[in-house]
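Q: I would like to learn how to read strands, turns and a nonpolar core from a model. Can we work through one case?

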Amino acid sequence: MDIQALKPLIDLFSQAPLQELDVSDGAQTVKITRAARYALAQSETYPPPASPLPSAGGEQVPDALPTLTATPTNAPVQAQDICAPMYGTLHLAPSPDAPPFVSIGDTLAVGQQVALIEAMKVFTPVKATANGRLEAILAEDGQEVEADQPLMRLS
């Protein structure tokens with residue numbers, strides 16, 4: 001199995017709310033498991049494992065485990081921005097034929113669900129992080145978003 005083909009899965013896994021992922025390619029299977037030290041806050045950075053992990057073919061594969069690091073965003077994040085908790089596809093409504101969770105001008109309360117992010121068929125709710133009036137929706141429905149990307153702005 002090619003490590004370059006696994007890199008995108010490892011990156012996605014590091015941001016998904018999963019504990020384990022099995023990937024099979026013919027007779028080879030790779031199991032990616034989140035270690036307890038990787039489940040800590042994203043602001044902490046950990047060094048790669050001390051010894052490289054062996055691959056199915058016997059050669060050494062360095063840095064095969066995901067490492068959580070703080071990722072700077074392109075846009076400055078204001079205190080009133082609601083940001084994506086992870087990478088995935090943004091859904092502004094619970095289903096394609098349903099009305100959106102919120103609309104511009106709505107008054108939001110802390111913890112109120114405002115969207116969903118889908119990654120690997122897992123839906124993660126996006127909730128308001130502050131009280132306020134919804135001033136702008138900064139991302140489109142169905143758009144792929146990055147972790148910590150501002151999605152909505154409250155005033």
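Q: Leaving aside its neighbours within four places in sequence, which residues is leucine 151 in contact with?
A: The model is a predicted one. Beyond four places in sequence, leucine 151 touches Ile82, Cys83, Ala84, Leu90, Ile117, Val126, Ala136, Ile137, Leu138, Ala139 and Val145.

Q: Which residues have the most contacts inside the largest nonpolar core?
A: The general idea is that nonpolar side chains tend to be buried together in soluble globular proteins. Here the largest nonpolar core has 29 residues, and those with the most contacts inside it are Ile82, Leu90, Leu108, Val114, Ile117, Leu151 and Met152. At least two residues of this core come from each of helix H1 (3–15), strand E1 (20–25), E8 and E12.

Q: Strand E12 covers residues 150–154; in which sense does E10 pair with E12, parallel or antiparallel?
A: E10 and E12 pair in the antiparallel sense, over 3 bridges. Within this pairing, arginine 153 of E12 is opposite alanine 136. Alanine 136 is also one of the contacts of leucine 151.

Q: How many bridges join strand E7 to strand E10?
A: There are 2 bridges between E7 (residues 107–108) and E10 (residues 132–137), and these strands run antiparallel. Glycine 132 in E10 is the bridge partner of leucine 108. Leucine 108 is also listed among the residues with the most contacts inside the largest nonpolar core.

Q: What should I expect of the side chains along a strand?
A: In a regular strand they alternate between the two faces of the sheet. For a case to inspect, take E8 (residues 113–119), which is joined to E9 (residues 122–127) by 6 bridges, the two strands running antiparallel. In this pair, leucine 116 stands opposite proline 125 of E9.

Q: How many residues lie between E8 and E9 in their hairpin?
A: The hairpin has 2 residues between its strands. Methionine 120 is in the loop between E8 and E9, and lysine 121 is also found there.

Q: Is methionine 120 partly exposed or buried, and what is its relative accessible area?
A: Methionine 120 is partly exposed, with a relative accessible area of 28%. Lysine 121 has a relative accessible area of 72% and is therefore exposed, as the cut-off for exposed is over 50%.

Terms used:
Residues numbered from 1 in each chain as written. Predicted model: local features only at pLDDT ≥ 70, side-chain atom pairs only at ≥ 80, totals over all residues. Heavy atoms only, no water. Pairing = 2+ DSSP bridges. Helix = DSSP H or I, 4+ residues; strand = E, 2+ residues; numbered from the N terminus. Buried < 20%, exposed > 50% of the residue type's maximum accessible area, 1.4 Å probe, protein only. Core = buried A, V, L, I, M, F, W, Y, C linked by side-chain atoms within 4.5 Å. Contact = heavy atoms within 4.5 Å.
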